[in-house]
Amino acid sequence: AWCDYGLHQSITWWDESMPEAMRRMTEEQGIPSFKVYMAYNQTIGIDDNTLLTVLETAASMNQLVLCHCEDGAAIEHLRKRCSAAGFHAPEYHAATRPPETEATAIDRACSYARMTGARLHVVHVSTAEGCAAIARARCHGARVSGEACLHHLLLDETRYAAGGAEAAKYVMSPPLRSAADQDALWRAVQEGVLDEVASDHHSY
């Protein structure tokens, strides 16, 4: 390797073996951070009860939890509504994941982190409301940090207007947002509300 790197372990389900597995990963394999998803309910997403359990367990071992914060239940509801109306084109992806789905999920995750004493890192924040939720949580004592991504800083939702294959190039979760959200992200980076800029690159 030509650069320093670390690995996160995703937690996509939970059973009684997991606390010991988390301890071994940290102490024996050098993996002190774990990623969870509040979206993707049908595949890798976890429910709030599991999220609380992960945060509580991580707090007991001073492990960091990274969280993809989108409200999975709301997204599934909106996806079904769009599908029933025949809206299947790529440009409708953003309509199923409005800013509120991010803000409410960040609020919940930060509240749970404060309740459990866990260290939480909110990945790929994309909205003004999401930035505000992180700032509020810190004011109330939560140990929370946040991440901005290059695509949300440099591109906005107008990319979806092209439709079809061109719009499909910009299908991501969370989706591209408004120019106002983009401005809020830049301010959040400059003011230290968001702590890092990342690529969130996926090779697929």
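## Close-ups of a predicted model

**View 1. A nonpolar patch on the surface.** Leu 150, Leu 154, Trp 186 and Val 197 make up a nonpolar patch on the surface, with about 380 Å² of accessible area together. Patch members have over 30% relative accessible area and no salt bridge, with nonpolar side chains (Val, Leu, Ile, Met, Phe, Trp, Tyr) joined within 5 Å and like charges within 9 Å; accessible areas come from the Shrake-Rupley method with a 1.4 Å probe, and for residues only the protein chains shown count as cover. Leu 150 sits in helix α6 (residues 150–154) and is partly exposed at 43% relative accessible area (buried is under 20%, exposed over 50%, partly exposed in between; 1.4 Å probe, protein chains only).

This is a predicted model, so to speak of local features takes a pLDDT of at least 70 and side-chain atom pairs count only at pLDDT 80 or more, while totals for chains, interfaces and linings use all residues. Residues are numbered from 1 along each chain as its sequence is written, and side-chain values use heavy atoms, with hydrogens and water left out.

**View 2. The open sheet.** Six strands line up in the order β1-β2-β3-β4-β5-β6, with parallel pairing (strands pair if DSSP finds at least two bridges between them). The edges are β1 (9–10) and β6 (196–198), each pairing on one side only. Helices (H or I, at least four residues) and strands (E, at least two) are DSSP runs, numbered from the N terminus. Over at β6, three bridges join it in parallel to strand β5 (residues 143–149), and Glu 147 stands opposite Glu 196 in β6.

**View 3. Strand β3 and its neighbours.** Four of the five residues of β3 (residues 64–68) are buried, so this strand is largely enclosed by the rest of the structure. Strand β2 (residues 33–37) runs parallel to β3 and is joined to it by five bridges; Val 36 has Cys 67 in β3 as its bridge partner. Strand β4 (residues 119–122) also runs parallel to β3, through four bridges, and here Leu 64 stands opposite Arg 119.

View 4. β2, helix α2 (residues 48–60) and β3 make a right-handed β-α-β unit: with the strands pointing away from the viewer, the path from the first strand over the helix to the second runs clockwise. Gln 63 belongs to the loop between α2 and β3 and counts as buried at 1% relative accessibility. A polar atom of the Gln 63 side chain lies 3.1 Å from the backbone oxygen of Met 22.

View 5. Arg 23 and Glu 27 meet through their side chains in a salt bridge (2.6 Å, N to O), meaning a side-chain nitrogen of Lys or Arg within 4 Å of a carboxyl oxygen of Asp or Glu. Being four residues apart in helix α1 (residues 18–29), Arg 23 and Glu 27 are separated by about one helical turn. Arg 23 is partly exposed at 24%, whereas Glu 27 is exposed at 57%. Arg 24 and Glu 28 form another salt bridge (3.5 Å, N to O), and this pair too is four residues apart in α1.

View 6. Asp 48 forms a salt bridge with Arg 108, the closest N and O atoms being 2.7 Å apart. Asp 48 lies in α2 and Arg 108 in helix α4 (residues 99–116), so the pair ties together parts that are 60 residues apart in sequence. Asp 48 is partly exposed, with a relative accessible area of 24%.

Technical notes. A polar contact is a pair of N or O atoms within 3.5 Å; within protein, one must be able to donate a hydrogen and the other to accept it, and residues adjacent in sequence count only if both atoms are side-chain atoms.
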